[in-house]
Amino acid sequence: MQADILRFAAAHLTPYRLRGDELIPDYCPFCHGGDSHDRYTFALNLRDGVYVCKRGGCGVKGRFETLAEHFGERAELLRPAASPRKQFALPDVELKPLTEEIILYFEKRKISKATLETFRLGADEKGNIVFPFFRDGT
Ligand SMILES: [Zn+2]
């Protein structure tokens, strides 16, 4: 609820200030402070989504959903759709020093330890060979 309201407020109620759980735009979005341009008469509660204008000549009150509709937005559409996409994380393998096993493995293939070090080969925690790849020479 709170995130929806803040997103909505950023789009429609700026400038505003936050006081406790209340979001208070400079001007009520309905009466705009009336003829005397009263400020801070409107408050939208971040927790329950209830809004009210304390100006006598206005006195609007309602729920966030109604407010969103007033601005042509449907409250449920303000919520970001749950993303079915998986977050791709870069493989997080800690490069460990070469194990004896790996060095022997390459020695049998006529690849020296020096060569392995040149290519900065390493091992992961299971003793698997890790070939780091470098982008842009880093
Ligand atoms: Zn008002």
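Predicted model: local features only at pLDDT ≥ 70, side-chain atom pairs only at ≥ 80, totals over all residues.

User: How many helices and strands in the protein?
Analyst: The protein has five helices and seven strands; helices are DSSP runs of H or I with at least four residues, strands are runs of E with at least two, and both are numbered from the N terminus. Starting there, the order is α-β-β-β-β-β-α-α-α-α-β-β.

User: Which strand does β4 pair with, and in what sense?
Analyst: β4 (residues 50–53) pairs with β3 in the antiparallel sense, over three bridges. Pairing here takes at least two DSSP bridges between the strands. L44 has Y51 as its bridge partner in β4.

User: And what's in the hairpin between β3 and β4?
Analyst: Four residues sit between those strands, and G49 takes a positive phi near 75 degrees.

User: What about β2, which sense there?
Analyst: β2 (residues 22–25) and β3 (residues 42–45) are antiparallel too, over two bridges. L23 stands opposite L44.

User: Switching topic: is A68 buried or exposed, and why?
Analyst: A68, in helix α2 (residues 64–70), counts as buried because it has 20 C-beta neighbours inside 10 Å. The cut-offs are 20 or more other C-beta atoms within 10 Å for buried, 12 or fewer for exposed, and partly exposed in between, with C-beta atoms placed from the backbone.

User: How far is A68 from H12?
Analyst: They're 9.2 Å apart, C-alpha to C-alpha, and 56 residues apart in sequence.

How values were computed
Residues numbered from 1 in each chain as written.
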